[in-house]
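Hi,

Here is the structure I promised to pass on. Please open it, then read my notes below.

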Amino acid sequence: MGLLSCHDMKKKADLIIFNANIYAPDSVGKGVNCIAVKKGIIIGIGTDADIRSRYWAPKNVNAKGAFVFPGFTDAHSHFTGLALGLRYADLTQAHSFDEVIAILQGYRKLHPEGWIVGRGWDQNNWPGKAFPDNKLLNKVFPGIPVILTRVDGHAVLASAAAIKSAGIVLPVKKGEALIQNGEFTGIFLEEMADRLRSSIPLPTVSQITDLLVTATRLCHEAGLTAVTDAGLNKSEILLIDSLQKAGKITLRIDAWLSPTKENFDYFMKDTIYHTPFLRVGAVKMYADGALGSRGACLLNPYLDEPDNHGILVTSPDALAVVCELAYKNGFQINTHAIGDSAVRMVLHEYSKFLKPGDDRRWRIEHAQVVNENDFALFAKYHIIPSVQATHATSDMDWAGQRIGYARLKNAYAYNRLLQQNGWLPNGTDFPVEGIEPIKTFYAAVARKDADGEPEDGFMMDNALSRIDALKSMTIWAAKSCFEEKRRGSVEVGKVADFTVLDTDIINAPERKILMSKVLYTIVDGKIVYKAR
Ligand SMILES: [Zn+2]
């Protein structure tokens, strides 16, 4: 009998990552620097010597001292929206309406046929901060349908040709469009904005597939291993499922149903639809609009528009109907609520269904402005506040003008909300914000924008600690969709999803956080992104 080789005595793994600094739950600073992975699952964590004496693998990654975190997860995002938005003109960087026009002219050169569709304008970034109108659009692009969605998605500027193509007859009702100085602007709000958008000619399935694959690549480049798709229809979910099964989408996705009969009939079964990469166990609802376009529903009027409280887009009764279905079928219900009146309404409707001891994890998305008396209701009914740290730093320059200091002190109150249940998920709401989880982390801990402003941070009482911020985009994000037993931390038995950074974001000086670079993104034990 020959001697057994070293390999024969060791167990075979598929991948070993060595010479790393690993953020496993209890390993910080304990010299844990090696992970063995098999069939997408973590099978060993320990020192290099320990793991490499027990396992060998055909693929070995020398992390060269880099930092391995649990895969970063976006707990509230619109993945399909990101993908479809890739075919639109990006208006987020425009600093005036003239710049918007210039971007659209450049876009027209690349896309000479069909509609001009843009996304991301924000008049708060322009001189004077006034809402635009469609006069210049009609002049520069005569006869061409142009639809430009505001950064928050709740308002749309449309050219005369687009309004005609959508079959909208003017004048429309007050509240459906923005009237300035008695004049129609071409800006439509909420449902009318949706109606305009729904008249844009749809891309083909093969175009959508390409866009979803590109969006997957962008997410991996940013270090994301899991995202959310907040509000989809059956056909969109089935397409994602098939592309995941074909290995074309290598992101884990928590898909939320839009509340339609077709979606409920198909997906609300005795068991929740679940694959290793997809979960369909929540319904997305909207209670109100957004603060930027004064659509968020407030208990007291806007400070800068005293006859406006904003609007509820779903009545309490309509929300209750969906709550009942969700409760009965074991689904989560995740409702967008930004204004304090909308947040209160949702808390109260949820509380009619939730019973003591329930672990339903029904969520309030954004929970941006919360009345002093309502914070405790999150804890009382175990309702999950789902926050987006970059919303605070995107809105901080003008939010005070909208709602005044007394309400601002209870707005973007992430740390106070965290104290309610002891955990909360964090995300971006992309494509409303950029997709980068590093920016979420930085905004959560430093409460500063990507330019490092303001110097002392925005309302620092509500900053998260670095460990809490990391948890909010890993284990708590997983928990927010009932996935914490299989992902969200680096532990034996969990899936091998890692984000590998060149920087220790838990201990590095604050100014270094934003400079950190994603070296590898690993999903299910496979390297899906590697920095050049
Ligand atoms: Zn959203």
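This is a predicted model: local features need pLDDT of at least 70, side-chain atom pairs count only at pLDDT 80 or more; totals for chains, interfaces and linings use all residues.

Start with domain 2 and domain 3. Domain 2 puts 9 residues into the contact, and domain 3 puts in 11 residues. What is the side of domain 2 that touches domain 3 made of? That side has 5 nonpolar residues, 4 polar and no charged.

Now go to helix H11, residues 316-329. Its length checks out. With 14 residues at 1.5 Å a residue, H11 should span 20 Å, and its end C-alpha atoms are 20 Å apart, so the two values agree.

Which residues of H11 are buried? They are Leu319, Val322, Cys323 and Ala326. These four cover an arc of only 110° around the axis, which means they sit on the same side of H11. The spacing fits a general rule. An α-helix has 3.6 residues a turn, so residues three or four places apart point the same way.

What do the buried residues of H11 pack against? Their partners are strand S19 (278-286), strand S20 (332-337) and helix H12 (340-353).

The face of H11 turned away from the buried side carries exposed residues: Asp317, Val321 and Lys328.

Best wishes

Definitions and conventions:
Residues are numbered from 1 along each chain as its sequence is written. Helices (H or I, at least four residues) and strands (E, at least two) are DSSP runs, numbered from the N terminus. The expected span of a helix is 1.5 Å times one less than its number of residues. A residue is buried if 20 or more other C-beta atoms lie within 10 Å of its own, exposed if 12 or fewer, and partly exposed in between; C-beta atoms are placed from the backbone. The arc is that of the directions from the helix axis to the C-beta atoms. Two residues are in contact if their C-beta atoms, placed from the backbone, lie within 7 Å. Ala, Val, Leu, Ile, Met, Phe, Trp, Tyr, Cys and Pro count as nonpolar, Asp, Glu, Lys and Arg as charged, and the others, Gly among them, as polar.
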